Amino acid sequence: MTHGPAPSPTPPAVRRSGHTDTYHGQVVGDPYRWLEDADSPETQAFVEAQNAHTRRVLDALPQREQMLERLAELWDFPRRSAVWQEGEVFFQLRNSGLQDQFVLYVMASPTDEGRVLLDPNALSDDGTVSLSGLAVSRDASRVAYAVSRGGSDWQEWRVRDVASGLDLPDVLPDSKFSGASWLPDGRGFYYARYDRPDDGQRLSGANLNQRLWLHRLGTGQDADELVLERPDQPEWGFGAAVTDDGQWLVVNVWKGTARQNLIWVRPLGEGGAFQEVVAEFGASFQFVGNDGPRLYFLTDQDAPLGRLISHHLETGERQDIVPEGQHRLLGATLVAGGFVLHTLEDASSRLTLVDRHGQHARLVALPGLGTVDALNGHPDRHEVFLTFTSYLSPAAGYRLDAVDGTLTPLWTPELAVNLGDYEVRQEFAASADGTRVPLFIVARRDLPLDGSHPTLLYGYGGFDVSLTPAFDVSRLAWLEAGGVLAVANLRGGGEYGERWHQAGTRANKQNVFDDFAACARFLVTRGYTSPPHLGIEGGSNGGLLVGATLTQHPELIGAAVAHVGVMDMLRFQHFTIGWAWVSDYGSSDDAQDFDVLRAYSPLHNLSPQAYPPTLLTTGDHDDRVVPAHSYKFAAEMQRAQAGEAPVLLRVQTLAGHGAGKPTRLILQEKADVYAFLLAALG
């Protein structure tokens, strides 16, 4: 690598075909099309050869074993989710430290030790079966839970009796992108599923024609009641919510990843037509709760930063409860007497209490600049349970009194590390068009700004996702090794509302890459690092960010790590849920979109030159961003590499897009990544 071991051994030879496609009169080569067939012997041989090559390089790094040992030490501390309550019973997810998967506990009080209700670690020998969904019945007697295998988005719903801890015979496969919502009497629940895919298409075939079903306990899946389907709209999906008072069935109709949806409502237990509360795709409407026929929604309709409204089902009258303000309104939780509002101010959380009319606002005193996660409340209770985290504080549990705003700690994780040695700074870079782009920087307090430090710049920039301060214990290993961490809040994300999001989509996507490059230059100009010492990292849409930065600005960076990246911008829409990303990316099927996509598609903009050391990671069970993206990009980048730095492909077996990955696999991957970066960046 540039600053580390001797030049990389020669990567495996990869066959190039003469395959081409014609887009709007332009012929585009796709010589690695054959790698899209994940099950072919040739593709499997490619993966084996690439993994062997990658291991020869990574296993030779002196930091690798030390990093793995240190990561295991740092990771080994108890962690808990926010508490939530159903009836008089409390629930929580916990991990003792190095368990592969979090365990579900049931408790008599928020601070009770409780007992294990569901341990997914017992569902497989290798820890690759994970919980992907949970829904507790109103009387807390049963839990519907979904399991996923090998990191796949496909999930299977089951039901566990809370008192006995035993499963009922109900087993519901073929669900995806779905939660569950119980009937008030606990005798059944709503969920969504797709038709069972054909053999060989489960991990790559397009996901279309989702249907909403009602499952009644004790019956087979073939007896489920079909609630909604729209064969004339194959891209529509359905999420059901039963109101807390048991009066209404509220259906969220979604299409792709755009924050635009329909809302359909009808009295619970009745058939017939739904009342179309929101009849057109044009804005986001997030159901918050109800007072009888008055429904509350968080929406960005005519309010890019968000507002809270009410809609009366009988009169159709709409009213502003909380008008659009100066900051992004991220969430609202209905509690006794009012709402808890969650806003973002320069990417950090603020909590405000208001009454049911949006009046008498009171600010909640949070522990500092950080992120509130999971505001778990109930319309009839004043208690709200949450966690708070920041870059230098692990997620701690709190109970919020929604009457007086008191925040009471329930538990605080303990680390055998002095986090006081480090500090967080928020800086702002100026992008190519002058836009102010925030970035958080975490480093030692006594860091000399002499440009010498290995620095890791992380970004995402898409799909209205906000990168807010959160604790990642693995990053302590990077900081301890003398590294600097920088996290950029790029356009395309949700930090500043829908305008900020749209400014990084479709024809505006280049803004995201410009923002990232501006943050890289800022880190150099301010003396944190220099290009040979600067690494970049991102995953999924952030992997696209890394790929585009590699092709546009290789001179700015000393190393790159892209996880499960979207690298082929001309074909992403043909696999699994890729069609849903057209709202952010556009589609090569459209002539204007094609020109934009072709101009930055990482796969199609590689050229013979000296690229920095690059590590690409993916999972063989990734059915979100299929691994062919990384396979094809790795093969072409290895061919284009005119320098001596390695271009490595790391393919994890029995792993998907990231969710549900066992702890042991996470630790191994992070040890590889940090050892790779330290060797490359010095």
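Predicted model: local features only at pLDDT ≥ 70, side-chain atom pairs only at ≥ 80, totals over all residues.

Visitor: OK, the eight strands first: what order do they take in the open sheet?
Guide: They go β32-β33-β35-β34-β36-β37-β38-β39, with mixed pairing. Strands here are DSSP E runs of at least two residues, helices are H or I runs of at least four, and both are numbered from the N terminus. Two strands pair if DSSP finds at least two bridges between them.

Visitor: Which are the edge strands?
Guide: β32 (422-430) and β39 (647-652), each pairing on one side only. From one strand to the next, the twist averages 20°.

Visitor: And in what sense do β36 and β37 pair?
Guide: Parallel, over five bridges, with β36 spanning residues 534-539 and β37 residues 559-563. E537 stands opposite V561 in β37.

Visitor: Which strands does α5 lie across?
Guide: β32, β33 (436-444), β34 (455-458), β35 (484-488) and β36, and α5 runs at about 45° to β33. Angles run from 0 to 180 degrees between N-to-C directions, using axes fitted to C-alpha atoms, for helices over the stretch in contact.

Visitor: At what angle do α5 and α6 cross?
Guide: Roughly 70°, and the axes of α5 (residues 510-525) and α6 (residues 541-552) come within 10 Å. The two helices are therefore roughly perpendicular to each other. For the cut-offs, under 35 degrees is roughly parallel, over 145 roughly antiparallel, 65 to 115 roughly perpendicular, and the rest oblique.

Visitor: Which residues meet there?
Guide: From α5 you have Q510, V512, F513 and F516, and they meet L544, L545, A548, T549 and Q552 in α6. That contact has six nonpolar residues, three polar and no charged. Contact means heavy atoms within 4.5 Å. Ala, Val, Leu, Ile, Met, Phe, Trp, Tyr, Cys and Pro count as nonpolar, Asp, Glu, Lys and Arg as charged, and the others, Gly among them, as polar.

Visitor: Switching to α8: which residues are buried there?
Guide: D593, F594, L597 and Y600, in a helix that covers 591-600. They fall within an arc of 145° seen down the axis, so they line one face of α8. The arc is taken from the directions from the helix axis to the C-beta atoms. Turned away from that side are the exposed Q592 and A599. Buried means under 20% relative accessible area, exposed over 50%, and partly exposed in between, with a 1.4 Å probe and protein chains only.

Visitor: What covers the buried residues of α8?
Guide: The cover includes β1 (20-23), β2 (26-29), α5, α6 and α7 (582-585).

Visitor: What about S601, buried or exposed?
Guide: Buried, because its relative accessibility is 0%. S601 lies in the loop between α8 and β38 (614-619). Leaving aside residues up to four places away in sequence, S601 touches M567, D568 and M569.

Visitor: How far apart are S601 and L545?
Guide: They are 56 residues apart in sequence and 10.0 Å apart in space, C-alpha to C-alpha.

Visitor: Last one: what's the order in the sheet of four strands?
Guide: That open sheet runs β28-β29-β30-β31, with antiparallel pairing. β28 (371-376) and β31 (407-411) are at the edges with a single partner strand each, so one side of each is left without a neighbour in the sheet.

Terms used: Residues numbered from 1 in each chain as written. Heavy atoms only, no water.
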